[in-house]
Amino acid sequence: MSQQMPPQGPYAQPVPSQSAPLPQRAQARLNSMRGDARHRGLSTSDLSINEFVLTREAGFEPLGLVMGSSIYHVGWQAMKWNQSQEVTILTQAMFNARELAMTRMVEEANILGADGIVGVHLEITNQEWETELAEFVAVGTAIRARNGKSYRNAQGRPFTSDLSGQDFWTLLQSGYMPAGMVMGNCVYHIAHLGMAQWFKQIGRNVEMSMYTQGVYEARELAMERMQAEAAALQATNIVGVSISQDNYEWESHIIEFFTLGTAVIPLATDHTMPTPSLTLPLNG
């Protein structure tokens, strides 16, 4: 994931590359996991057994579960009820909060000396004590190459990826490497229909063009911003792209479109796909 979005549009005030320091307990936990001459290191992970084994088969060693968190106060922006437009204050808040959580997760991986993070998942939880607060959490498993070669991205930071252990193994076997998770978002206000417009469409089959255009533009903005992050990582492809939308209990005509994927780069000019094998479950 790139450290900041291009300084334009709703991202005119990008997230600083250095966020608040990690808590002392987190740093102590991570340092103890590395081990030293007096005690053996300990790794943790949320990988399944198959993912754990395949990650090692791919030539990487799981180092530990890493995470980042940000509790963010989401602001507000005045808008016209009959006009479709991006709610830039909300767009920036939702992006910055996710970026802070991701940056802290990467910093934890950095302390462990990791080359990257696999199986990353993002969660958003509203806090009951104040409705305008939300916690953004990023969690994944830090890994390091067993051959001693560095696989960090073009920015010199551990790569991030939401790929499973199986997908990570397949990607490497095919001659590609994750460069980082990339994301784009857009919070958009869809205009309300006027009374005359509402009466005109009663009982008719007709496209709601105002709604179509608003939703279409919002998705395109999110996709465009995700692709800009991939370009900053010098990636050639984005795999596993997902597009989601949520209202987060805002006004009914306000919705966020969020795109997420893993940017990848080729390790070689020719690629060989592993031969598929038949697998039968033993539990029926």
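M177 is buried, with a relative accessible area of 2%; buried means under 20% relative accessible area, exposed over 50% and partly exposed in between, with a 1.4 Å probe and protein chains only. The model is predicted, so local features need pLDDT of at least 70 and side-chain atom pairs count only at pLDDT 80 or more, while totals for chains, interfaces and linings use all residues. Residues are numbered from 1 along each chain as its sequence is written, and side-chain values use heavy atoms, with hydrogens and water left out.

**M177 and its surroundings**

- M177 has its place in strand β6; helices (H or I, at least four residues) and strands (E, at least two) are DSSP runs, numbered from the N terminus.
- Leaving aside neighbours within four places in sequence, M177 is in contact with F60, Y151, F159, F168, L171, L172, A263, V264, I265 and L267, where contact means heavy atoms within 4.5 Å.

**The chain as a whole**

- The protein chain has 6 helices and 8 strands, which follow one another along the sequence in the pattern α-α-β-β-α-β-β-β-α-β-α-α-β-β.
- Of its 284 residues, 42% count as buried.
- Among contacts between residues at least 6 apart in sequence, 76% join residues at least 24 apart.

**Nonpolar cores**

- A nonpolar core is a set of buried Ala, Val, Leu, Ile, Met, Phe, Trp, Tyr and Cys residues joined through side-chain atoms within 4.5 Å.
- The largest such core has 33 residues, and those with the most contacts inside it are V66, L90, M105, L112, I117, A142 and V187.
- Two or more residues of this core come from each of α1 (24–34), β1 (60–73), α3 (88–111), β3 (116–126), β4 (133–145), β6 (176–189) and β8 (254–266).
- Helix α3 gives the most to this core, with 11 residues.
- I117, leaving aside its neighbours within four places in sequence, is in contact with V66, M105, V106, A109, G140, T141, A142, F159, T160 and S161.

**Packing of helices α2 and α4**

- The axes of α2 (residues 49–57) and α4 (residues 165–173) come within 8 Å and cross at roughly 20 degrees; axes are lines fitted to C-alpha atoms, for helices over the stretch in contact, and angles run from 0 to 180 degrees between N-to-C directions.
- That makes α2 roughly parallel to α4, since angles under 35 degrees count as roughly parallel, over 145 as roughly antiparallel, 65 to 115 as roughly perpendicular and the rest as oblique.
- On the α2 side the contact is made by N50, E51, L54, T55 and E57, and on the α4 side by G165, Q166 and W169.

**Two loop positions**

- S48 lies in the loop between α1 and α2 and counts as partly exposed, at 33% relative accessibility.
- The C-alpha atoms of S48 and G165 are separated by 8.2 Å, with the two residues 117 residues apart along the chain.
- Q234 is found in the loop between α6 (209–232) and β7 (237–246) and is exposed, with a relative accessible area of 60%.
- The phi angle of Q234 is near 60 degrees, a positive value in a residue other than glycine.
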